[in-house]
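Hi,

Here is the structure I promised to pass on. Have a look first, and my notes follow below.

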Amino acid sequence: MAVQWVLVCHGLITLLVLVSFLCGQWPIFQGTFIERIHVFLTFGAYDYFLRFVGAVFGSKGTNAILSVEYFCCDRPNPILQIIYLAILGGTYYFVAKSSFGYIPGYYLSGVHRYTSLLAVGIGVLLFLLTSFSDPGTVKAENVSQYISAYPYDNIIYSEKECSTCKIPKPARSKHCSICDRCVARFDHHCGWMNNCIGERNTGYFMAFLLWHFLLCIYGAVTIGLILAGRLKELRVIHILTVYYGVENSFLSLAPHVVQWLLASYNTQILLMVFLAIVSLLLAGFFSYHAKLCLTNTTTNETFKWQEYVSWQGKINEAKASAAALKASINGMSTEGKPPESKWRAFFRKSPLEDVQVVKNNIYDKGFFHNLHEIIFPPSMRSSFLQSKSKLG
């Protein structure tokens, strides 16, 4: 029984660490212990490590660590790509080694041996397409076409020049400091892909997230059906009720069935829990980016809009406060006016409560247009290429 509890604790700790590391900065976890764990995992632990290295090895040791950090975090490198392939390949290997011996089974046919390999192959293909495709690099040769494709809104984007590339900066583009290039409709730089996510590969990126979510669900359900099939084939329920006298009800049988599964198929259960947890994380990540795509917004623009709304809110609050102060001064100087009821003054709405800032996203042109722009980016359309040839 001790082994089962160790497995349960291992699963819970793994879930806590994964959720804290990947989702701890989400607003829903703000002020909770999950946010604190996230801060420790992403900043605190590394800071303590740097201090330790500095105390033991001095400045040379610290500089060596910082040079490794520069290579891993500030320049393109394949480290996370290798880790992704190792996770995918290792997971598939353990699933095949521990579970393929039970296929075909009571609920599964032998075809799943081949469909699972095909599904993993498609996942790797989408990974390669996202990693090695051009995200929409803005160059002197195509900058005018991108400026025509994405007009300036004069709110969060206005005409300016990229200080690094020394070319006009199209709306919705950004110079990626890691890749050292301007990317059209820049969303973010993805370390797992070792590539930027931009105008030309957002569709591949979304397909990658959706497919891997479905792949994890497929793996978890398949292992679940294998375990259910083993219960049927070995007649575990029949043995528990007939030979051990356990009452034939869910509440009575469940603890015994779980104990038997943990003792006999702990590897499969760990894999199933791992795939279920990863599928939940992928579902959240895909949902977030799907919402951005369907409103024609990028991750980069989300932060820009937050800054704009905050800035405009402060300006409007200052204007409302000045207007309220002016009205108060005028009210004090007015003679012969009967005093206002204290109760009315108490319940009167403050001018600051009317302060609202409306986000005006001119790039959001409706569900179908936004989806069409993700699947068929402007730079891949014939009109874009024709305009390029005319200008050339």
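Among contacts in the protein chain between residues at least 6 apart in sequence, what percentage join residues at least 24 apart? The figure is 66%, where contact means heavy atoms within 4.5 Å.

Two things to keep in mind. This is a predicted model, in which local features need pLDDT of at least 70 and side-chain atom pairs count only at pLDDT 80 or more, while totals for chains, interfaces and linings use all residues. Residues are numbered from 1 along each chain as its sequence is written, and side-chain values use heavy atoms, with hydrogens and water left out.

The overall picture: the protein chain has 13 helices and five strands. These are DSSP runs numbered from the N terminus (helices: H or I, at least four residues; strands: E, at least two). Of the 392 residues, 34% are buried, meaning under 20% relative accessible area, with exposed being over 50% and partly exposed in between (1.4 Å probe, protein chains only).

In the model, residues 78-95 are 94% helix and 0% strand, with end C-alpha atoms 26 Å apart. For residues 116-133 the values are 94% helix, 0% strand and 26 Å.

Thr91 sits in helix 3 (residues 79-99) and counts as buried because its relative accessibility is 15%. Beyond its neighbours within four places in sequence, Thr91 contacts Phe274 and Leu275.

With a disulfide taken as a pair of cysteine sulfur atoms within 2.5 Å, the count is zero. Cys176 has its closest cysteine sulfur in Cys196, 3.4 Å away, so it is too far for a bond. Cys176 is buried at 4% relative accessible area, and Cys216 is buried at 10%.

Finally, the surface. Ile13, Val17, Phe21, Leu22, Phe40, Leu41 and Tyr48 form a nonpolar patch with about 660 Å² of accessible area together. Helix 1 (2-23) and helix 2 (33-74) each give two or more residues to this patch, and helix 1 gives the most, with four. Phe40 belongs to helix 2 and is partly exposed at 44%.

Cheers

Notes
Patches are made of residues with over 30% relative accessible area and no salt bridge: like charges are joined within 9 Å, nonpolar side chains (Val, Leu, Ile, Met, Phe, Trp, Tyr) within 5 Å. Accessible areas come from the Shrake-Rupley method with a 1.4 Å probe; for residues, only the protein chains shown count as cover. A salt bridge is a side-chain nitrogen of Lys or Arg within 4 Å of a carboxyl oxygen of Asp or Glu.
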